[in-house]
Amino acid sequence: MTTQILNTMLTVVAACLNTEQGLIMLNPKQELLEINNKGGLDKPRLIVLGIITFVSGLLFVLPGTFDAGDFFMFSVFLIAMCFQLETKDLSGFARELPFIALNLMLLYMQYPLQEVKER
């Protein structure tokens with residue numbers, strides 16, 4: 001029972017973080033653009049990643065698209081980590097590691113309300 005509660009909480013947190021980050025990337029401020037321009041992410045590319053991030057946050061909530069949302073977010077984090085390594089920003093790379101771990105943990109635990117859905 002506590003595992004299901006933890007899984008539900010993690011899924012809600014991941015969905016909220018993804019939609020919030022997607023909205024931030026859809027309308028980037030100048031500081032965010034300057035940081036991402038170092039790695040070759042200009043405004044159009046950042047907006048595309050923002051759209052993918054926002055949609056993946058919404059996909060987390062639905063049982064049929066949970067795995068797709070997790071896959072999309074995992075892909076976005078891998079892309080971000082590659083850009084961090086390309087610019088030799090190891091602290092930025094390390095900041096992405098907990099999010100990758102969260103996605104892997106959610107993928108392992110599956111959709112949290114699976115038992116409720118089957119009743």
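This is a predicted model: local features need pLDDT of at least 70, side-chain atom pairs count only at pLDDT 80 or more; totals for chains, interfaces and linings use all residues.

Numbering runs from 1 along each chain as its sequence is written, and side-chain values use heavy atoms, with hydrogens and water left out.

Select residues 66-86 (helix α4) and 90-109 (helix α5): their axes come within 9 Å and cross at roughly 165°. That makes α4 roughly antiparallel to α5 (an angle over 145 degrees). The crossing of α4 and α5 is left-handed.

Now show side chains at the contact (heavy atoms within 4.5 Å). On α4, pick among others F66, M73, F74 and F77; on α5, residues including F93, L97, I100 and N103. The contact residues split into 16 nonpolar, 3 polar and 3 charged, where Ala, Val, Leu, Ile, Met, Phe, Trp, Tyr, Cys and Pro count as nonpolar, Asp, Glu, Lys and Arg as charged, and the others, Gly among them, as polar.

Next, zoom in on D70, in helix α4. Buried or exposed? D70 is buried (under 20% relative accessible area), at 2%. Its side chain reaches the backbone nitrogen of L107 at 3.3 Å. Leaving aside residues up to four places away in sequence, D70 touches F60, N103, L106 and L107.

Last stop: N18, in helix α1 (residues 2-26). N18 is buried too, at 6%. Beyond four places away in sequence, N18 touches T53, F54, S56, G57, F60 and M73.

Definitions and conventions. Axes are lines fitted to C-alpha atoms, for helices over the stretch in contact, and angles run from 0 to 180 degrees between N-to-C directions. Helices (H or I, at least four residues) and strands (E, at least two) are DSSP runs, numbered from the N terminus. Angles under 35 degrees count as roughly parallel, over 145 as roughly antiparallel, 65 to 115 as roughly perpendicular and the rest as oblique. A crossing is left-handed if the near helix is turned anticlockwise from the far one by less than a right angle, and right-handed if clockwise. Buried means under 20% relative accessible area, exposed over 50%, partly exposed in between (1.4 Å probe, protein chains only). A polar contact is a pair of N or O atoms within 3.5 Å; within protein, one must be able to donate a hydrogen and the other to accept it, and residues adjacent in sequence count only if both atoms are side-chain atoms.
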